[in-house]
Amino acid sequence: MIDAMTLLTERNSAPKLIEPAPGAAVREAIFAAALRAPDHAWLRPWRFLTVEGEARQALGSVLERSLLRREPEADATARERARCAPLRAPLVVVVLARLKAHPKVPPLEQRLSAGCAAHGILLATEAQGYAGIWRTGAAAFDREVVRELGGGEDEEIVAFLYLGSREGKAKRLPAMAVEDFVAPWNGPTQDKETP
Ligand SMILES: Cc1cc2nc3c(=O)[nH]c(=O)nc-3n(C[C@H](O)[C@H](O)[C@H](O)COP(=O)(O)O)c2cc1C
């Protein structure tokens, strides 16, 4: 198994995914990793739907209907692209944020927690020799799509995670310098006296 730091620093989304999808035991570990997302007050503000086999076609129809609500004049090519989108991987995991009213945990924190769960899924997928990519697109923000997926008014789509086996080689990772994003902070820029 890949070591943790290599996984964290070299995770690489895979736009092209083929069979096989992660099997039952691998999937169990993937979702167990998701459930370890940081979670203020342990609200568990997430839920996951697995979409595979013919259900991907049904999801494609949901996406096509969403496209037509946004763009009633969408041409056949655009409609087909929407309809076939979920066929780009053998397994699609829909990550839903489930928002609860809480005096100390605002919706943003719950959305971030669901996002961390999605990242956990991608990492655990790659750790076990599979691959994935996080996608959203306009349909993810369409309330009717949430309803058609069986989601409640308190739920939002955070991710469509496309999972499977990587087709081809992983892309070269972009070079990034840590120091471009990290700086020490030593106090407010203007001296402020505490009253
Ligand atoms: C919230 C979120 C939504 C995303 N939506 C899409 C998407 O709809 N389509 C897409 O191609 N990439 C999307 N991405 C980006 C890819 O998942 C991926 O991060 C990107 O291709 C860069 O590859 P890398 O993760 O290997 O650096 C999204 C990422 C995030 C975090």
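**Strand β3 and its partners**

I looked up the pairing of β3 and found that 8 bridges join it to strand β5 (residues 155-166), the two running antiparallel; strands are DSSP E runs of at least two residues, helices H or I runs of at least four, numbered from the N terminus, and two strands pair if DSSP finds at least two bridges between them. The model is predicted, so local features need pLDDT of at least 70 and side-chain atom pairs 80 or more, while totals for chains, interfaces and linings use all residues. Residues are numbered from 1 along each chain as its sequence is written, and side-chain values use heavy atoms, with hydrogens and water left out.

I noted Ala 159 in β5 as the bridge partner of Val 95. Strand β2 (residues 46-52) is joined to β3 by 7 bridges, also antiparallel, and Glu 52 has Leu 91 in β3 as its bridge partner.

**Annotated residues**

I then checked the unreviewed UniProt entry, which lists for "binding site" Arg 11, Asn 12, Ser 13, Arg 36, His 40, Trp 134, Arg 135 and Thr 136; such annotations may be inferred rather than shown by experiment. They spread over 126 residues of sequence and, in space, up to 27.9 Å between C-alpha atoms.

I located Ser 13 in the loop between α1 and β1. Leaving out residues up to four places away in sequence, Ser 13 touches (heavy atoms within 4.5 Å) Gly 132, Ile 133, Arg 166 and Lys 171.
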